Amino acid sequence: MTEFIVLFLLFYTWHALGVTIGYHRLLSHRSFSCPKFIEYFFVLGGYLAFEGSPIWWTAIHRAHHKHSDTALDPHSPRFGLKQAHMGWLTAAGYPEHICPETQTKDLLKDPIYKFLEQGGSWKRAHSLVFLIGLTVRAVIWLCFGWVPALASLLAGFAVLQIPLMLNVICHIPKLGYKTYASKDDSVNVWWVAILAMGEGWHNNHHASPGSAKTGMRWWELDVSWLIIKSLSKVGLCRNLNVTSHARMMKQMPQAALVLDSMPKHRKAHRSKAMVRS
Ligand SMILES: [Zn+2]
Ligand SMILES: [Zn+2]
């Protein structure tokens with residue numbers, strides 16, 4: 001049992017970082033650059049968590065930022081929780097306003113990503129991700145036994161839920177707090193940030209999508225950022241685009257603190273802090 005738990009946690013960490021660092025901060029937002037083997041290490045972690053074609057994921061996510069919480073947002077909870085969670089995945093293909101050929105040109109240059117995209121067919125690309133994901137677990141089973149295979153499979157399915165859950169929870173204002181006055185419904189949710197390696201600071205992220213760091217305050221633990229920063233110290237990540245709370249308040253005067261939408265205890269804390277400053 002101990003072996004299973006340890007392996008599950010290791011696989012969970014790799015798959016979750018694959019989504020947060022690989023699919024999200026690197027491919028979708030280009031918030032840093034790195035050698036191709038580092039990129040593939042993280043993207044493979046996300047792919048084996050059944051995240052789907054990297055081009056598809058990126059195209060959908062870029063559209064989410066461009067049209068956040070409007071009718072063109074692929075998964076806003078404003079238009080129904082079921083639809084925002086997994087309902088939108090049942091579509092046959094890209095809606096008219098999302099075009100990978102123009103919106104993910106950077107990724108189409110990569111032959112592996114192009115192959116995984118399957119010419120834009122959602123059905124074929126989603127089938128392929130499950131075929132490859134299950135085949136890899138079968139190989140692990142044959143080579144190392146059922147314990148690592150099952151730990152890897154369950155960790156992959158657990159991580160699959162992270163972005164799906166985050167898309168809903170972190171866009172329901174009453175479930176979290178806003179630090180910056182973004183025009184959308186995005187909020188920071190601490191427990192999502194723990195499960196999702198720092199991605200739960202979603203209001204911070206929407207206020208500065210290009211930043212490799214999303215935890216802006218001292219209590220906002222951002223594991224993905226700590227990994228990116230550590231890799232940069234040994235030369236494996238470069239060109240980090242990083243912002244800070246102080247800089248955001250200076251550069252974005254409209255990004256005033258939104259005390260009304262913060263939980264009462266934090267609102268009181270912030271009010272005192274503002275009086276002190
Ligand atoms: Zn969002
Ligand atoms: Zn994003």
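## H1 against H9

The axes of H1 and H9 (residues 146-169) come within 8 Å and cross at roughly 40°. Axes here are lines fitted to C-alpha atoms over the stretch in contact, with angles from 0 to 180 degrees between N-to-C directions. The two helices are therefore oblique to each other (under 35 degrees is roughly parallel, over 145 roughly antiparallel, 65 to 115 roughly perpendicular, the rest oblique).

H1 residues including Phe4, Leu7, Phe8 and Phe11 meet H9 residues including Ala151, Leu154, Ala155 and Ile162. Contact means C-beta atoms, placed from the backbone, within 7 Å. The residues divide into 16 nonpolar, 3 polar and 1 charged. Nonpolar covers Ala, Val, Leu, Ile, Met, Phe, Trp, Tyr, Cys and Pro; charged covers Asp, Glu, Lys and Arg; the others, Gly among them, are polar.

## Basis of the model

This is a predicted model: local features need pLDDT of at least 70, side-chain atom pairs count only at pLDDT 80 or more, and totals for chains, interfaces and linings use all residues. Residues are numbered from 1 along each chain as its sequence is written, while chains are lettered from A and ligands numbered from 1 in the order in which they are written.

## H1 against H2

H1 (residues 2-28) also packs on H2 (residues 36-47), at about 120° with axes 6 Å apart. That makes H1 oblique to H2. The crossing is left-handed. Among the residues in contact are Trp14, Leu17 and Ile21 of H1 and Phe42, Val43 and Leu44 of H2. By class there are 10 nonpolar, 5 polar and 1 charged.

## His24

His24 lies in H1. It counts as buried because it has 26 C-beta neighbours inside 10 Å (buried is 20 or more, exposed 12 or fewer, partly exposed in between). Leaving out residues up to four places away in sequence, His24 touches Val19, His29, His61 and Glu199. Val43 is 19 residues from His24 in sequence and 9.5 Å away, C-alpha to C-alpha.

## The whole chain

The chain has 14 helices and 0 strands (DSSP runs: H or I of at least four residues, E of at least two, numbered from the N terminus). Its radius of gyration is 19 Å, close to the 19 Å the globule rule gives for 277 residues, so the chain is as compact as a globular protein of that length. The radius is taken over C-alpha atoms, and the rule is 2.2 Å times the number of residues to the power 0.38.

Of the 277 residues, 40% count as buried.

Conventions:
A crossing is left-handed if the near helix is turned anticlockwise from the far one by less than a right angle, and right-handed if clockwise. Two residues are in contact if their C-beta atoms, placed from the backbone, lie within 7 Å.
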